[in-house]
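Please read them with the structure open beside you.

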Amino acid sequence: MSLLKNWKLILASLTLAMFTACAGSSGGSEEGAAGEGGAAAAQPQKEKIDENKLKKTEQEAMALTDENHQLRKEIFEAKNKLGIPVDRPAAE
């Protein structure tokens, strides 16, 4: 086998070895990147969540759940009117 004929295989092997070495290194930790101004500095800060925002999100989720239930009910009724068999989810 000639090295020139198998350049893709060699390139893939070297790339895999490099990624494996980088994944195992300790230099990629968040503490090291934060001190150097690396990737950790580019991450957005966590948003503070207060009780009102949590309640609002819960209400939105409940409204969407109710809407989903209503749409599923309408689909079920339409399938029954058209005579389409209704698939029931198996109880696990």
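1. Confidence comes first, as this is a predicted model. The mean pLDDT of the protein is 77, and 70% of its residues reach 70 or more. Where pLDDT is low, the predicted coordinates should not be read in detail.

2. On the overall make-up, the protein has 4 helices and 0 strands. Along the sequence this gives the pattern α-α-α-α.

3. How much of the protein is buried? Of its 92 residues, 1% count as buried. The exposed surface comes to about 9100 Å², and carbon and sulfur atoms supply 59% of that area.

4. Helix 4 covers residues 51-82. Its length can be checked: at 1.5 Å a residue, its 32 residues should span 46 Å, and the end C-alpha atoms are 47 Å apart, so the two values agree. Just after this helix comes Gly-83, which has a positive phi of about 80°.

5. Which side chains form the salt bridge? The structure holds 1 salt bridge, and its partners are Glu-51 and Lys-55, with an N to O distance of 3.5 Å. That distance falls within the 4 Å cut-off for a salt bridge. Side chains of opposite charge can pair when their charged atoms come close.

6. The positions of these partners deserve a remark. Both Glu-51 and Lys-55 lie in helix 4, 4 residues apart, about one turn of the helix. An α-helix has 3.6 residues a turn, so residues three or four places apart point the same way. Glu-51 counts as exposed because its relative accessibility is 54%, and the cut-off for exposed is over 50%. Lys-55, at 44%, is partly exposed.

7. Phe-76 is also placed in helix 4. Is Phe-76 buried or partly exposed? Its relative accessible area is 32%, so Phe-76 counts as partly exposed; buried would need a value under 20%. From Phe-76 to Val-86 there are 10 residues in sequence, and their C-alpha atoms are 7.0 Å apart in space.

Definitions and conventions:
Residues are numbered from 1 along each chain as its sequence is written. Side-chain values use heavy atoms; hydrogens and water are left out. Helices (H or I, at least four residues) and strands (E, at least two) are DSSP runs, numbered from the N terminus. Buried means under 20% relative accessible area, exposed over 50%, partly exposed in between (1.4 Å probe, protein chains only). Accessible areas come from the Shrake-Rupley method with a 1.4 Å probe; for residues, only the protein chains shown count as cover. The expected span of a helix is 1.5 Å times one less than its number of residues. pLDDT is the predictor's confidence in each residue, from 0 to 100.
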